[in-house]
Amino acid sequence: MLLLGCIKEVSDFELVISLPNGLSGFVPVTQISDAYSKMLSEQVAEGELVEDLNSLSDMYSPGTLVRCIVTSVEKSADGRQSIKLSINPKKVNKGLNTSALASGMLLSGLVSSVEDHGYLIDIGVSGTNAFLPRQKAQSYIKSVKKGPDLKIGQNLNCLIEEVKNEGRIVRLSIDRSEVAASLATERQNWTLSNLLPGLVVKARVQKVAPLGITLSFLSSFTGVVDFMHMDPKKSMNYSPNQVVKACILSVHPTSKVVRLTLRQAFLHPGGSPNQLSSDRMGAVVEESTVKAFFKQFGAIFELDDGSLAFARLKHLSKTRKSFKPAAFKTGCKHKCRIIDYSLMDEMCILSLKYQIIEAQFLQYQDVHTGDVVKGKVLALKPIGMQVKVTDGIKGLVPSMHLADMILKQAEKKYNMGDEVRCRVLECRPAERKLILTLKKTLVQSKLPVLSNYEEAKPGLITHGFVVCAREFGCIVKFYNDVKGLVPKNELSSEPISCPEEVFHEGQVVKVMVLKCEPQQERLLLSFKLTSKPVPAGKREHTPKKNQQVKYEIGEMVDVKVLKKKENGLEVSILEDEGKVIASLPTVYLSDFVVNCKLLWHCLQEGDVLPRVMCLNDKGEHIILSRKSAVISAVQEEQVVRSFSEIQPGMLLTGYVRNVMPFGVFVEFPFGLTGLAPKMSMSDKFVTDTKDHFVVGQTVIAKVMSIDEEKQRVLLNLKVSECSSGNSAVESFALLSQYFKEVKEIRNLLRRRGESSITRSLCELVPGKELQLVVQDVKEDGSALFSSSSATGLTVTATRYHLGDKNIVPGEKAKGLVLHVDALTSVVYVSLREELLKQRAKQSLSLFLSSGSQRTPSTLPSCST
């Protein structure tokens with residue numbers, strides 16, 4: 001059976017594919033293409049890496065649509081069906097031959113060879129040589145950014161441009177605009193034996209029924225669109241004889257049934273389905289509304305954000321006997337949990353089962369290092385015990401961790417099905433890998449969990465386990481593979497001549513941290529818990545200024561915070577053993593003005609900041625910066641080092657040095673400055689320059705003109721003038737960096753305290769829905785609320801964001817979080833219906849575009 005699928009996960013040995021109707025399949029690494037399989041065989045035979053052999057993650061990304069064919073359906077040990085797939089063109093395109101090839105056809109192809117002027121593409125048609133000219137691949141390579149060249153084994157949407165010698169020679173294109181505009185037509189002579197999923201066709205509605213629509217297309221073909229693949233915005237508005245665009249989803253080999261989709265994401269080949277926001281996976285929805293019930297399949301629900309979701313029959317109740325169809329009439333409300341997301345259906349998959357809704361863990365991402373979990377013994381093997389935590393989560397207890405002491409016969413202590421209480425030593429969600437321990441001392445320990453080197457502060461006492469005892473001392477391991485050395489003189493207050501006779505592998509020990517160098521991953525420990533940290537630690541807090549040490553502009557260093565000052569941080573540079581003092585101004589902590597203040601507020605003395613850039617070094621006065629955009633510009637050599645290098649039209653990354661009534665002075669790395677006059681500051685009319693920029697703000701500036709005689713530079717800061725051409729990529733990169741820093745700030749807040757206010761600040765995110773109680777309505781039309789999810793915080797909504805609601809104190813309402821001001825502990829919410837009905841990510845997008853009162857002229861995300 002031929003299917004259109006979407007890559008969900010990429011691992012070293014397989015692709016996980018999302019299929020229509022909530023199914024999933026697997027493409028083994030051996031089912032990519034003949035050329036790729038040949039290279040894999042060569043690597044195995046020779047026992048060394050093949051130069052041109054790329055990993056699956058180098059070539060494939062989640063969200064990419066692929067044509068695939070079912071090779072087998074197998075039952076796994078737990079009774080579930082496993083669908084094995086192939087994307088090899090020889091199998092996918094087996095219905096095609098040389099005489100069937102025609103210009104305009106859209107096929108799947110995989111790169112089989114890289115040549116000087118282009119690429120040989122395997123389209124799976126025997127006797128046909130397909131060639132892709134290099135110029136027809138450039139726009140695709142640039143947009144996908146998987147490297148400077150296409151890779152052998154890479155899957156492509158190929159458009160036939162020219163057919164020569166009766167189909168023996170074919171010239172292809174993968175230009176994204178040409179592929180997106182492609183349409184299958186009658187002139188291409190498609191037949192039921194070679195019809196391919198992924199083709200976009202013009203179709204005519206024949207019949208409309210509750211469970212789907214029947215379409216006719218390509219003159220003689222008939223296909224079905226099921227209820228999950230109607231366009232949600234038009235699902236009630238289809239009528240007979242209506243002409244629509246549709247995409248073929250599957251072709252059954254024996255029944256010849258063709259299924260199609262009318263969802264917008266699939267109507268342009270080369271596109272990508274909508275993704276689910278990561279914070280929604282596993283979310284519990286208190287009230288989801290039944291939109292439709294299908295007794296053979298399940299029910300469609302509307303979630304709290306207005307999106308549609310699907311629950312299969314088996315997930316509507318605990319058992320078949322307890323299922324009550326009357327509870328699923330249109331409009332009925334149910335509590336449910338999002339357990340999966342079908343990329344091909346663009347729908348959340350729900351469960352109404354109580355045990356799933358209340359489950360502590362749903363996916364590997366929910367499990368954190370140090371968590372105590374319960375599971376059942378699945379199997380005992382030489383390497384350890386396999387434990388089932390939930391239906392979708394399994395873990396391994398290595399043999400060393402089956403008990404405090406090493407067990408020689410574990411089968412005498414544990415039986416299949418036994419319930420065990422474990423602690424998570426390590427969790428790697430991307431690899432679906434979970435390592436557990438059954439050592440009672442570790443499971444019951446109340447001491448802090450040491451899971452990264454940054455947390456290993458001198459004086460910290462915690463539990464670990466011995467992995468090596470030698471004449472030099474003991475190596476002790478903690479969580480997430482963090483390990484340290486207990487030197488011989490720190491093993492005991494009494495001399496120990498042979499540590500290997502006193503300590504054994506797997507032994508649980510209590511240790512104290514003496515010294516840690518996080519960047520080098522070096523950790524010095526002691527078993528003498530009453531001793532004090534080594535005096536060297538004190539010297540780190542009182543560094544001496546060293547006039548001899550010089551740093552180049554652009555040099556990256558790691559620093560430790562010594563003192564917080566009103567306008568920044570005084571830090572010591574760790575590379576010189578803490579002997580050099582430098583300054584890190586608050587405005588240089590981030591590209592984002594708000595994050596600068598938040599980071600200054602959260603950071604404390606003793607904190608270590610990695611990868612900070614030297615901005616200038618003038619004798620005693622070393623200035624540092626953490627601005628990612630500025631650091632990237634210096635590292636990618638997109639800077640000017642002298643006035644002679646400046647040319648009109650250049651785009652340069654800098655930061656605001658001064659804001660004057662007549663314009664803005666911008667400084668760039670290496671000390672060059674320029675002026676953006678008031679008329680060139682913004683696309684909007686500028687009344688007051690201070691309403692648009694603040695000192696330290698990161699900007700991208702375009703050089704307008706230069707005066708060599710006076711060494712002056714005039715700049716333009718208008719957004720319309722300062723884009724490099726790929727504004728979408730730039731915006732997403734900035735957005736990604738912003739959220740990365742927000743996550744860093746949340747982690748800092750979590751570590752700083754366990755107060756209810758801190759917990760609320762960490763848990764509240766833009767787009768989250770809150771249950772509110774009105775406390776007060778002010779004269780200006782704004783309102784104050786209380787919420788159990790925002791304990792200790794001020795929750796407010798402006799008059800505009802109350803919508804048309806006439807609220808009174810004591811009334812209950814739903815609100816959507818727009819912005820959380822961690823500095824003032826104020827949460828801004830909206831009660832507007834149109835926001836509450838939109839998808840979570842649309843709400844977030846709206847927040848980002850309207851959440852700031854300032855209207856910056858450049859790098860808009862940097863001032864948000």
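Lys90 forms a salt bridge with Asp34, with the closest N and O atoms 3.5 Å apart, a salt bridge being a side-chain nitrogen of Lys or Arg within 4 Å of a carboxyl oxygen of Asp or Glu. The pair links distant parts of the chain, since Lys90 lies in helix α3 (residues 89-92) and Asp34 in helix α1 (residues 34-46), 56 residues apart. Helices (H or I, at least four residues) and strands (E, at least two) are taken as DSSP runs and numbered from the N terminus. The model is predicted, so that local features need pLDDT of at least 70 and side-chain atom pairs count only at pLDDT 80 or more, whereas totals for chains, interfaces and linings use all residues. Residues are numbered from 1 along each chain as its sequence is written, and side-chain values use heavy atoms, with hydrogens and water left out.

Lys90 is partly exposed, with a relative accessible area of 43%, and Asp34, at 38% relative accessibility, is also classed as partly exposed; here buried means under 20% relative accessible area, exposed over 50%, and partly exposed in between (1.4 Å probe, protein chains only). A second salt bridge is formed by Arg171 with Glu161, the closest N and O atoms being 2.9 Å apart. This pair joins strand β10 (residues 169-173), which holds Arg171, to strand β9 (residues 155-164), which holds Glu161, the two residues being 10 apart in the chain. Arg171 is partly exposed at 32% relative accessibility, and Glu161 is partly exposed at 27%. The side chains of Lys477 and Asp481 likewise meet in a salt bridge, at 2.9 Å from N to O, with Lys477 partly exposed at 25% relative accessibility and Asp481 partly exposed at 35%. Through shared partners, salt bridges join Lys136, Glu161, Glu162, Arg171 and Glu178 into one network. The count of salt bridges comes to 24.

The chain contains 15 helices and 45 strands. Two strands are treated as paired if DSSP finds at least two bridges between them. Strand β3 (residues 24-28) runs parallel to strand β5 (residues 81-86), to which 2 bridges join it, and Phe26 has Lys84 in β5 as its bridge partner. Strand β4 (residues 65-75) runs antiparallel to β5, the two being joined by 6 bridges, and Ser72 stands opposite Lys84 in β5.

Of the 864 residues in the chain, 48% are buried. A nonpolar core is defined as a set of buried Ala, Val, Leu, Ile, Met, Phe, Trp, Tyr and Cys residues joined through side-chain atoms within 4.5 Å. The largest such core has 57 residues, of which Ile121, Leu150, Trp190, Leu215 and Phe217 touch the most other members. Leaving aside residues up to four places away in sequence, Ile121 touches Gly109, Leu110, Val111, Ser112, Ala130, Leu132, Leu156, Cys158 and Leu172, contact meaning heavy atoms within 4.5 Å. Another core, of 55 residues, lies apart from it and includes Met613, Leu749, Ile807 and Ala822.

Helix α11 (residues 628-635) is mostly covered, with 6 of its 8 residues buried, namely Ser628, Ala629, Val630, Ile631, Ala633 and Val634. After α11 comes Glu637, whose phi is positive, near 60 degrees.
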